[in-house]
Structures are given as structure tokens and as C-alpha cells.
Amino acid sequence: MIVALALVAFSIATPLFVMRRWRLFFAIPASVLQLYLPGAGIGGFMPPLALLGGLALWPEFIRGIRILVKWPPTFMLANVLLTYVVSLVWSVDIRIGIRAIIYLWVFLAIFAAVVLQLRRDERVVWSLLNITVLLAIVEAVLVVVFRISPDLEMVFLHSDLARLFINPNVLDVLFTDEQNNVLDPAKAGGFFTNGNVAGAYLWIMAMVSFLLGRCKRLHLMYLSAVFLLVSAL
């Protein structure tokens with residue numbers, strides 16, 4: 001817990017000495033890998049480095065509040081966030097409520113930071129998306145490999161390496177009565193323990209890759225989009 005609190009404190013202080021582009025790197029591209037550090041749990045909750053990267057964007061959230069309330073979709077999400085906060089009063093498990101609040105808040109912080117960065121230098125955002133697609137291809141390759149060889153996937157899920165990329169709490173119960181569909185030989189999740197979630201994520205990244213190909217005239221991104229779509233099938 002001490003390690004986790006130190007990481008949270010470091011994330012909050014990070015804006016004082018780290019440029020926005022690097023904080024966005026940990027919040028966006030790093031989200032593909034997640035990355036969980038051993039001993040970084042807080043009350044049983046394991047925060048990935050990507051989440052900590054999002055926490056480091058709190059100044060952008062404050063500066064971007066006007067942006068969030070002016071756009072209807074994010075305005076509605078902001079209201080949902082406020083509803084979550086109020087619901088803590090009657091929550092039977094405050095930890096779950098706080099976790100939901102943190103994740104939604106981080107999403108809004110990332111959105112605000114991206115808009116602000118687009119206004120300052122959009123090339124940074126395009127570069128971050130390029131890196132995100134490349135890392136998503138790693139996820140897609142794992143899905144394909146694990147689909148071809150379910151035994152190899154089981155070796156990975158039982159390894160210490162998996163605990164760096166998948167929430168250790170999830171892995172601890174994966175082979176108990178809280179099984180997920182990734183254990184089905186006909187499913188593969190890569191860094192995800194649910195094949196359907198992995199498929200949905202790859203579809204989203206395929207659309208991002210297609211967007212990069214169209215907007216930035218990067219023909220390789222079209223090929224990436226096709227591969228990501230095929231791997232999601």
C-alpha cells in the first residue's frame with residue numbers, strides 16, 4: 001500500500017516537472033499495456049500505470065472544465081460523475097463507488113488534456129495515436145497467437161509476466177468459480193481476460209488506425225486497420 005500511495009502522490013506532483021505530452025503518453029498509449037507494479041495495491045485495488053498517468057492530468061481537467069460542459073456528451077458524463085459522488089452517501093461498498101468515480105474522472109481529464117493539446121500542437125496527439133495503434137498491434141498479435149495455441153495462452157496466464165499486464169486480483173480468481181471466457185479454447189484475449197472485450201477494443205483501435213490512414217495519408221495504417229479487424233474476429 002505504501003508503494004501505491006507513493007505512486008499516487010508522484011502522479012499528482014508530476015505536472016510540476018513533466019510536460020503534458022509525456023503525461024498523455026502514460027495515459028493513452030500505455031493504457032494498451034496497463035502495467036501493474038507488484039505491491040502497488042490500495043485496499044485491494046490495483047491501479048495500473050495508465051490510470052496514474054491519467055491522474056497526472058488533473059491541471060488539464062481544471063483548465064478544460066469549460067470545454068467539458070460546452071459539449072453535450074461530456075457534459076452528460078460530468079453529470080454522471082456528480083451522480084456517482086452523491087450516490088456514495090447510500091453506497092453499500094464505497095470502494096467500488098470510488099473506483100468508478102476515479103475511472104470516469106480520468107476519462108474526462110484525458111479528454112480535456114487531448115483537446116488542449118490539439119489547440120497547442122496537434123502533431124503530439126497524432127504521434128500518441130500512432131504509438132497507441134502500434135501497441136494495439138502487439139495485443140492483436142497475442143490474440144492471434146493465443147487463438148492458434150490455447151495452451152500457450154494458459155502458460156502466459158499462469159506466469160508472473162501476466163501479472164505485469166493483467167490485474168493480479170483478476171488473475172487470482174480467474175481459475176476459480178469466477179472464470180472468464182478467455183479460458184474457452186475458442187476465445188483469446190491477449191492482455192484481456194475476456195475475449196469479447198478484447199475484440200471490442202481491437203475494433204475501436206482498427207477505427208483509430210483507419211482514421212490515421214485517412215487523415216494523415218499513412219497507407220500502412222490501412223493495413224494495420226485490416227489486421228486489427230481480422231484479429232478481432
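This dialogue reads a few features of a predicted model.

Reader: What should I know before starting?

Author: Residues are numbered from 1 along each chain as its sequence is written. In this predicted model, local features need pLDDT of at least 70, and side-chain atom pairs count only at pLDDT 80 or more, while totals for chains, interfaces and linings use all residues; side-chain values use heavy atoms, without hydrogens and water.

Reader: Is Glu60 buried or exposed?

Author: Buried means under 20% relative accessible area, exposed over 50%, partly exposed in between (1.4 Å probe, protein chains only). Glu60 has 1% relative accessibility, so Glu60 counts as buried.

Reader: What does the side chain of Glu60 make a polar contact with?

Author: A polar contact is a pair of N or O atoms within 3.5 Å; within protein, one must be able to donate a hydrogen and the other to accept it, and residues adjacent in sequence count only if both atoms are side-chain atoms. Here the partner is the side chain of Arg23, at 2.8 Å.

Reader: How many aromatic pairs does the whole structure hold?

Author: Rings of Phe, Tyr and Trp (its six-membered ring) pair if their centres lie within 6.5 Å; planes under 30 degrees apart count as stacked, over 60 as edge-to-face and the rest as tilted. The search finds nine. Phe210 and Tyr222 form an edge-to-face pair, with 5.5 Å between centres and 70° between planes.

Reader: How exposed is Phe210?

Author: Phe210 is partly exposed, at 38% relative accessible area. Tyr222 is partly exposed too, at 30%.

Reader: Which residues do ring pairs link into a cluster?

Author: Phe146, Phe156, Phe165 and Phe191.
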